[in-house]
Amino acid sequence: MNEARRSRKEMLDWINVVSFAVDDVKLFLDSHPDCPEALSYFQEMKEQRNQALKEYADCFGPLTIDTVSPACQNEETWKWVREPWPWQEGGC
């Protein structure tokens, strides 16, 4: 059974959650660079953030330049800028 697709807002909210976690643990690692729990948590949150960005890009278009897929561009045009921006259409 497939999981129901989350809404744009739900996906953006999740991206914000995992992005905050990544940023927060990066700050902690600045003062505790040898903490194995923090390093493990950083890897886990980074992977979840990357996955969330990829899923969002697949559904609604890329949020970051590193999630632009070949479907969003071709030799004639840079298509992804024609999609709705995250803050449009009640996206945020």
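Begin by selecting Glu55, which at 29% relative accessibility is partly exposed (buried means under 20% relative accessible area, exposed over 50%, and partly exposed in between, with a 1.4 Å probe and protein chains only). The model is predicted, so local features need pLDDT of at least 70 and side-chain atom pairs count only at pLDDT 80 or more, while totals for chains, interfaces and linings use all residues. Residues are numbered from 1 along each chain as its sequence is written, and side-chain values use heavy atoms, with hydrogens and water left out.

Because Arg6 lies in the segment before helix 1 (8–31) and Glu55 in helix 2 (residues 36–60), the pair ties together parts that are 49 residues apart in sequence; helices (H or I, at least four residues) are DSSP runs, numbered from the N terminus. Arg6 is itself partly exposed, at a relative accessible area of 28%.

Then move to helix 1 and select Lys9 and Asp13, which are 4 residues apart, or about one helical turn. Their side chains meet in a salt bridge, at 3.0 Å from N to O, and Lys9 is partly exposed at 41% relative accessibility, as is Asp13 at 36%.

Finally, select Asp23 and Lys26, 3 residues apart in helix 1 and likewise separated by about one helical turn. Here the N to O distance in the salt bridge is 3.3 Å, with Asp23 partly exposed at 40% relative accessibility and Lys26 partly exposed at 39%. A search of the whole structure finds 4 salt bridges.

Definitions and conventions
Helix = DSSP H or I, 4+ residues; strand = E, 2+ residues; numbered from the N terminus.
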